[in-house]
Amino acid sequence: MSAAEVARAESAQWAFIADLAVVVTQGDDVVPTELTTTGFDPSHDLDRRTESWAHSLPDHTLASLSRFAAGLATAEADAWDDEDPSVATRALSDRRFLLGDRIVHWAIPWLISLGVAEPASGPETLAVVERLLDLGDRHRPAPALTRSEGLFPPGCDSIGEIPSSLDVTTFANGWLFADPRSEVGPEPFTAAARLWTELATAHPGTAQLWQDMATRAETALSFFES
């Protein structure tokens with residue numbers, strides 16, 4: 001396949017993700033975003049990224065971000081067809097950083113959480129997770145590091161700020177959105193650590209994220225022992 005054909009195929013992948021993201025969030029009062037899942041507001045960064053392509057996001061949901069990524073892939077393909085490699089490589093680079101910086105680190109944990117909490121949505125959520133992981137293996141936005149000292153600010157990892165206490169209503173401790181009214185024991189964190197370790201092994205393109213999630217889940221277990 002030519003570079004243009006590869007980019008057009010990826011655009012179709014992103015469109016597929018966008019469509020399924022709408023399906024799995026139908027009926028939700030609040031559609032998850034990076035802000036609602038991690039507490040970080042990406043507005044300024046996303047505005048900067050989209051303005052350079054004369055694009056405006058209607059919101060920061062996975063569906064909208066995926067449609068923007070699909071547009072970048074189409075822009076890359078068109079640029080290759082027009083023999084404009086500078087635009088093509090910029091579209092490719094911007095898409096890679098969009099995936100790694102603003103999508104995969106929160107969308108995959110949220111989707112896995114959704115599949116656990118609502119088994120009926122399992123096939124759709126699994127399909128989106130698999131597509132995102134495949135794109136991560138292609139673009140490699142977060143491969144495993146041999147050493148991380150000096151790469152992240154103190155108290156942070158590849159996900160963001162490392163929590164200092166146990167909060168079972170977010171994925172900050174390696175597991176996700178437990179009902180705050182329920183009794184939560186160590187078992188979900190043990191299972192989560194195993195899950196993230198398996199993902200890190202199977203998907204080297206985003207392995208650092210899942211290694212850090214596994215470490216967070218393992219650390220959370222110590223809260224039950226203290």
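Predicted model: local features only at pLDDT ≥ 70, side-chain atom pairs only at ≥ 80, totals over all residues.
User: Are Asp 45 and Arg 49 buried or exposed?

Analyst: A residue counts as buried when its relative accessible area is under 20%. Asp 45 has a value of 14%, so it falls under that cut-off. Arg 49 belongs with it here, as both residues are buried.

User: What is the relative accessible area of Arg 48, which forms a salt bridge with Asp 45?

Analyst: Arg 48 lies three residues from Asp 45, also in helix α3 (residues 43-51). The closest N and O atoms of this pair are 2.5 Å apart. Arg 48 is partly exposed, and its relative accessible area is 48%.

User: How many residues apart in sequence are the parts that Arg 102 and Asp 45 tie together?

Analyst: The side chains of Arg 102 and Asp 45 meet in a salt bridge of 2.9 Å, N to O. Arg 102 lies in helix α5 (residues 85-102) and Asp 45 in helix α3, so the pair ties together parts whose separation in sequence is 57 residues.

User: Which residues do salt bridges with shared partners join into one network?

Analyst: Arg 102, which is buried with a relative accessible area of 10%, is one of the members. Salt bridges that share partners make the network, and the residues joined are Glu 34, Asp 45, Arg 48, Arg 49, Asp 101 and Arg 102.

Methods. Residues numbered from 1 in each chain as written. Heavy atoms only, no water. Salt bridge = Lys/Arg side-chain N within 4 Å of Asp/Glu carboxyl O. Helix = DSSP H or I, 4+ residues; strand = E, 2+ residues; numbered from the N terminus. Buried < 20%, exposed > 50% of the residue type's maximum accessible area, 1.4 Å probe, protein only.
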